[in-house]
Amino acid sequence: MSRRPSRRWLLVHGLVVGVLLAVLALLVATSDPADGANIGAGLVGLPLLALGLPWSLVVLVDPYRFDDLSGAARWVVYVGPAVLNVLLHALVVELVARRRR
């Protein structure tokens, strides 16, 4: 089996997470907190939580645990696991490629 399919999956994985992060950032930046709940950001954030499993399970089990965090720390807790999974995916792909050489 060649290395290309796993690298393609890594590219797709990274692109999906990157696009979702960009859309989430855009929705949060353009919304006014006085308008109430940002349903669009919530809908974009859910797949990011799923892409961050198992690391985002803590947020899914008890999301109110992180209400005391600042805005930047909350971003790290909510979307950081999805980015971590992309980085771990890249690490695994690289290690498998080195082992095959």
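Me: How much accessible surface does the chain have, and what share of that surface belongs to carbon and sulfur atoms?

Reply: Please note that this model is predicted. The accessible surface of the chain comes to about 7100 Å², and carbon and sulfur atoms account for 69% of that area.

Me: What percentage of the residues count as buried?

Reply: A residue is called buried when its relative accessible area is under 20%. By that criterion, 20% of the 101 residues of the chain are buried.

Me: How should I read the radius of gyration of the chain?

Reply: The value can be set beside that of a compact globule of 101 residues, which would be near 13 Å; the chain has 16 Å. The box filled by the C-alpha atoms, taken along the principal axes, is roughly 55 × 25 × 20 Å.

Me: What share of the contacts with a separation of 6 or more joins residues 24 or more positions apart?

Reply: Such pairs make up 67% of those contacts. Here, a contact requires heavy atoms within 4.5 Å.

Me: How much space lies in the largest pocket, and which residues are closest to its centre?

Reply: The largest pocket holds about 590 Å³ of space. Its lining consists of 20 residues, and those closest to the centre are Leu24, Val28, Ala41, Arg74 and Tyr78. Two or more lining residues come from each of α1 (4-30), α2 (39-51) and α4 (71-100).

Me: Which element gives the largest share of this lining, and how do the lining residues divide by type?

Reply: Helix α2 gives the largest share, with eight residues. By type, the lining has 13 nonpolar, five polar and two charged residues.

How values were computed
Residues numbered from 1 in each chain as written. Predicted model: local features only at pLDDT ≥ 70, side-chain atom pairs only at ≥ 80, totals over all residues. Heavy atoms only, no water. 1 Å grid on protein atoms, 1.4 Å probe; cavity = no way out; pocket = protein on both sides within 12 Å on 5 of 7 lines; lining within 4 Å. Points joined across faces, edges and corners; volume = space filled by probe spheres on them. Helix = DSSP H or I, 4+ residues; strand = E, 2+ residues; numbered from the N terminus. Nonpolar A, V, L, I, M, F, W, Y, C, P; charged D, E, K, R; others polar. Rg over C-alpha atoms; globule rule 2.2 N^0.38 Å. Buried < 20%, exposed > 50% of the residue type's maximum accessible area, 1.4 Å probe, protein only. Areas by Shrake-Rupley, 256 points an atom, 1.4 Å probe, with all protein chains shown as cover.
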